[in-house]
Amino acid sequence: MRILHTMIRVGDLERSIAFYTDVLGMRLLRRKDYPDGRFTNVFVGYQDEEHGAALELTHNWDTDAYDLGTGYGHIALAVEDVYAACERIRERGGRITREPGPMKHGTTLLAFVEDPDGYKIELLGGKTA
């Protein structure tokens, strides 16, 4: 078994595609409209789906926003240099919600960014400021 994808619901599909591709550097892997169900599924990721997990962005055509709830945590991305990744994300208009640095009560370097719908994305990597 392996993880295929994680699905999140998004309010503005084009804005979310732009964030994940332009800001985080993922590729648009596939897109399909389901007119009878009034939704669209888009898959984005860093690798083709046969080689790595993807993120499924589901847009329900009649819903502009979602309550994220209290159970959701975050998506985690590995980066070579967490400080440089944050600078690139900031330059591309991304919102850093936790500046890069060691984790609380540990030494792992991390940062957090927020997507347009409020989902948290953890960046885990190396290097120092």
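Biologist: Is Asp117 buried or exposed?
Modeller: Asp117 is buried, at 16% relative accessibility. Buried means under 20% relative accessible area, exposed over 50%, and partly exposed in between (1.4 Å probe, protein chains only). This is a predicted model: local features need pLDDT of at least 70, side-chain atom pairs pLDDT 80 or more, while totals for chains, interfaces and linings use all residues. Residues are numbered from 1 along each chain as its sequence is written, and side-chain values use heavy atoms, leaving out hydrogens and water.

Biologist: What does the side chain of Asp117 meet in a salt bridge?
Modeller: Arg15, at 3.3 Å from N to O. A salt bridge here is a side-chain nitrogen of Lys or Arg within 4 Å of a carboxyl oxygen of Asp or Glu. Asp117 sits in the loop between strands S7 (109-114) and S8 (120-126), and Arg15 in helix H1, so the pair ties together parts 102 residues apart in sequence. Helices (H or I, at least four residues) and strands (E, at least two) are DSSP runs, numbered from the N terminus.

Biologist: And how exposed is Arg15?
Modeller: Arg15 is partly exposed, at 36%.

Biologist: How many salt bridges does the structure hold?
Modeller: Nine. One of them joins Lys120 and Glu114, with the closest N and O atoms 2.3 Å apart. Glu114 is buried at 17%. Lys120 is partly exposed at 29%.

Biologist: New topic. In what order do the four strands of the open sheet run?
Modeller: S1-S4-S3-S2, with mixed pairing. Two strands pair if DSSP finds at least two bridges between them. The edge strands are S1 (5-9) and S2 (27-34).
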